[in-house]
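Dear colleague,

I am passing on the structure below, and I would be grateful if you could look through it alongside these notes.

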Amino acid sequence: MLIGFLSGFLAALLSWRINIVAIQRGVQRGKTAAFFVGVGSLTADVVLILGAFSGARPLTQNQHLWMILKIIGILTILFVAFKIFFQAPKLMEKAEKERNPPKNFLIGFSIVAGNPAVFMLWMGLVSFILTQAQDATQQHFHYEYLAGFFCGGLIWVSLLCFLILPKIRAWGERPLYLISRISAIILIICAIILIFN
């Protein structure tokens with residue numbers, strides 16, 4: 001479980017695309033919105049890892065499926081990026097009333113689940129874990145790893161949303177607007193990179 005916890009914390013910490021989206025949604029719509037973006041991305045990771053543990057290697061050979069997932073991921077990133085870039089700044093109080101947890105959850109989930117490279121990464125890491133860890137082939141190990149992963153990721157998401165985000169929001173409207181624009185540009189660049197990979 002400790003291996004899973006550390007993996008989850010580091011994966012969430014280093015997932016800069018999700019962190020950018022979570023910060024932007026949090027700035028506009030509050031901590032709850034950012035939190036659900038993070039939880040959505042963690043859930044997608046857990047589903048992908050579970051697939052890797054289940055031996056979903058044949059799926060990696062299905063180019064048609066991967067192309068559909070890749071297109072969904074790219075469109076989601078572009079949609080979020082253009083919405084951020086062209087959205088006029090809202091009054092914080094008004095925007096916070098539009099938190100919409102299911103929508104934020106789906107944004108986080110789609111960005112991760114729609115990136116075939118993430119699944120390939122988990123396939124490689126799970127293969128390594130299965131060859132190195134004792135009892136890694138046992139079903140209970142898989143569930144313990146996934147529970148630890150989710151808890152570790154949740155720790156980072158909570159720190160980001162409830163400790164870091166309030167400090168960012170205190171910077172004032174103009175810097176936050178600039179951060180939103182920069183975030184949108186980074187996400188567009190990311191989507192372009194995914195198109196050519």
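The model is predicted, so local features need pLDDT of at least 70 and side-chain atom pairs count only at pLDDT 80 or more, while totals for chains, interfaces and linings use all residues. Residues are numbered from 1 along each chain as its sequence is written, and side-chain values use heavy atoms, with hydrogens and water left out.

Helices are DSSP runs of H or I with at least four residues, numbered from the N terminus. In helix 1, G4, G8 and A12 are buried, that is, under 20% relative accessible area with a 1.4 Å probe and protein chains only, exposed being over 50%. Seen down the axis of helix 1, the buried residues fall within an arc of 55° (taken from the directions from the helix axis to the C-beta atoms), so they line one face. That buried set packs against helix 2 (16–29), helix 3 (31–53) and helix 8 (139–169), where contact means heavy atoms within 4.5 Å. The face turned away from the buried side carries the exposed residues L2 and L14.

S110 belongs to helix 6 (residues 101–113), and its side chain reaches the backbone oxygen of L106 at 2.7 Å, a polar contact being a pair of N or O atoms within 3.5 Å, one able to donate a hydrogen and the other to accept it, with residues adjacent in sequence counted only if both atoms are side-chain atoms. Setting aside neighbours within four places in sequence, S110 is in contact with G73 and T76.

Best regards

Terms used. Helix = DSSP H or I, 4+ residues; strand = E, 2+ residues; numbered from the N terminus.
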